[in-house]
Amino acid sequence: MEICPYKHTVQYYETDRMGITHHSNYIRWMEEARVDFLEQAGWGYDKLEETGIISPVTSVQCQYKESTTFRDEVEIFVAVKEFKGVRLVLEYKMQKAGTQEMVCTAQSEHCFLDKEGHLVRLKKTVPGFHDMLCRMAEAYEN
């Protein structure tokens, strides 16, 4: 399954007084890219929530490499770095569109809960989603 990178154009309100993108926006872009990634994979957040599953963020890490400014177009590549059935780790590589210039590398960790807040084992509850994440994690390792 080929997942296309998510594209985001830096908006004026995302920049600071110096004209540089404020660091907090990269976290928002990760969420935008994650939502798009899951949608392309056939398991959008709305579909997951219909099954009674929510997926909160448990950790975020970012390494800022280069600045971006108003109107820069950023491509965000998302990959399943690790999945062990309960915990999901996604990797993000952000680069200026049309270049190899890396602006940020990041990862987010997630768990899966039911609506009462109890941990869910996807293999039992949503086997199709579980299997897809396993395949993507395996592809990442190779």
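Which residues does His-8 touch, not counting residues up to four places away in sequence? I looked this up in a predicted model. His-8 touches Glu-14, Trp-29, Glu-32, Asp-72, Glu-73 and Val-74.

**Entry 1: strand S1**

I placed His-8 in strand S1, which covers residues 6–9. I then looked up its accessibility. His-8 has 8% relative accessibility, so it counts as buried, the cut-off being under 20%. One of its contacts is polar: the side chain of His-8 meets the side chain of Glu-32 at 3.0 Å.

I turned to Lys-7, which also lies in strand S1. Leaving aside neighbours within four places in sequence, I listed Glu-73, Val-74 and Glu-75 as the contacts of Lys-7. Val-74 is on the contact list of His-8 and on that of Lys-7.

**Entry 2: helix H1**

I moved on to helix H1, residues 24–40. How far does H1 reach from its first C-alpha to its last? The 17 residues reach 25 Å, close to the 24 Å expected at 1.5 Å a residue.

I wrote down the buried residues of H1: Asn-25, Tyr-26, Trp-29, Met-30, Ala-33, Arg-34, Phe-37 and Leu-38. I noted beside this list that an α-helix has 3.6 residues a turn, so residues three or four places apart point the same way. Trp-29, one of the buried residues of H1, is also touched by His-8.

I looked at what follows the helix. Just after H1, Gly-42 has a positive phi of about 90°. Ala-41 sits in the loop between H1 and H2. With a relative accessible area of 9%, Ala-41 is buried. Apart from neighbours within four places in sequence, Ala-41 is in contact with Met-1, Ile-3, Met-132 and Met-136. I checked the distance to Met-1: the two C-alpha atoms are separated by 7.6 Å, while the residues are 40 apart along the chain.

**Entry 3: the loop between S2 and S3**

I looked up two residues here. Arg-71 is in the loop between strand S2 (57–64) and S3. Arg-71 is not a glycine, yet its phi is positive, at about 75°. With a relative accessible area of 61%, Arg-71 is exposed.

Thr-69 is found in the loop between S2 and S3 as well. At 31% relative accessibility, Thr-69 counts as partly exposed. I listed its contacts, not counting residues up to four places away in sequence: Val-10, Thr-15, Gly-19, Ile-20 and Thr-21. I then took a distance to Glu-138, which is 69 residues away along the chain, and found 36 Å between the C-alpha atoms.

**Entry 4: the largest pocket**

How much space lies in the largest pocket? I found about 390 Å³. The pocket is lined by 22 residues, and the closest to its centre are Ile-3, Phe-37, Val-78, Ala-79 and Val-80. I noted the elements that give two or more residues to this lining: H1, strand S3 (73–83), strand S4 (88–96) and helix H4 (127–141). By class, the lining has 17 nonpolar, 1 polar and 4 charged residues. Ile-3, one of the residues closest to the centre of the pocket, is also in contact with Ala-41.

**Entry 5: the largest cavity**

I searched the whole structure for cavities of 30 Å³ or more, and the count was 1. The volume of the largest cavity is about 50 Å³. I listed its lining as Arg-34, Leu-38, Tyr-45, Leu-48, Ser-55, Leu-88, Leu-90, His-110, Phe-112 and Phe-129. At least two lining residues come from each of H1, helix H2 (45–50) and S4. The classes are 7 nonpolar, 2 polar and 1 charged.

Ser-55 lies in the loop between H2 and S2. Its relative accessible area is 14%, so Ser-55 is buried. A polar atom of the Ser-55 side chain lies 3.1 Å from the backbone oxygen of Cys-111. Residues up to four places away in sequence aside, Ser-55 touches Tyr-45, His-110, Cys-111 and Phe-112.

Note on methods
Residues numbered from 1 in each chain as written. Predicted model: local features only at pLDDT ≥ 70, side-chain atom pairs only at ≥ 80, totals over all residues. Heavy atoms only, no water. Helix = DSSP H or I, 4+ residues; strand = E, 2+ residues; numbered from the N terminus. Expected span 1.5 Å × (residues − 1). Buried < 20%, exposed > 50% of the residue type's maximum accessible area, 1.4 Å probe, protein only. Polar contact = N/O pair within 3.5 Å; in protein donor to acceptor, adjacent residues only side chain to side chain. Contact = heavy atoms within 4.5 Å. 1 Å grid on protein atoms, 1.4 Å probe; cavity = no way out; pocket = protein on both sides within 12 Å on 5 of 7 lines; lining within 4 Å. Points joined across faces, edges and corners; volume = space filled by probe spheres on them. Nonpolar A, V, L, I, M, F, W, Y, C, P; charged D, E, K, R; others polar.
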